[in-house]
Amino acid sequence: MRVLAIALLLGVAACESAPPAPSLSPERVVEQFMWNYTAAWNKHDAAVIARDFYRQGQSVSEQTMSLKHSFAQLRAQGYDHSDIHEIKGCITGADMAWAGMKFTRLTAEGAPLPPKDRASAYELKKFADGWRIVKLMGADAGKPLVCPVAG
């Protein structure tokens with residue numbers, strides 16, 4: 001019994017002296033948000049995207065319907081999912097961020113939908129309930145993802 005108690009105390013002491021898990025930098029938090037967004041996108045989960053990722057001036061219900069329509073149009077072109085090549089996040093203000101993404105849209109068979117190389121940029125705002133995409137923009141897939149310069 002005494003050996004078990006000592007082992008238990010040593011285990012607790014080891015846990016208490018272990019360094020805390022590193023927290024993510026603000027840029028990495030934005031990038032993780034975008035990776036989570038792409039996971040919902042690849043599931044074509046319009047309701048989750050509208051509720052948890054977008055805040056663009058429409059109600060969640062309106063945004064959900066708009067996304068369902070967009071996914072239907074993409075599927076009509078043969079779209080199945082996107083292969084994400086790169087995501088870059090940048091903090092641009094106290095409650096603002098920018099994210100860039102490079103990706104390829106693929107069919108269920110894995111063939112790319114032209115153009116193969118695509119890029120997009122996103123403006124994000126931090127609300128009480130977390131980061132939300134407030135604006136989507138096109139980007140040049142041939143150029144590196146670079147944080148915008150404040151000015």
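**Strands and confidence in a predicted model**

Glu-123 stands opposite Lys-135 in β4, a cross-strand position in a predicted model in which local features need pLDDT of at least 70, side-chain atom pairs count only at pLDDT 80 or more, and totals for chains, interfaces and linings use all residues. Residues are numbered from 1 along each chain as its sequence is written, and side-chain values use heavy atoms, with hydrogens and water left out.

Strand β4 (residues 130-138) runs antiparallel to β3, and eight bridges join them; two strands count as paired if DSSP finds at least two bridges between them. With two residues between them, β3 and β4 form a hairpin. On another pairing, β3 (residues 118-127) lies antiparallel to β2 (residues 96-106), over eight bridges, and here Ala-99 stands opposite Tyr-122 in β3.

The protein has four helices and four strands, which follow the order α-α-α-α-β-β-β-β from the N terminus; these elements are DSSP runs numbered from the N terminus, helices being H or I of at least four residues and strands E of at least two. Of the contacts (heavy atoms within 4.5 Å) between residues at least 6 apart in sequence, 52% join residues at least 24 apart.

Confidence is expressed as pLDDT, the predictor's confidence in each residue, from 0 to 100: the protein averages 89, and 84% of the residues score at least 70. Over residues 2-16, however, the pLDDT is below 50, and this stretch has zero contacts in the model beyond near neighbours in sequence. Where pLDDT is low, the predicted coordinates should not be read in detail.
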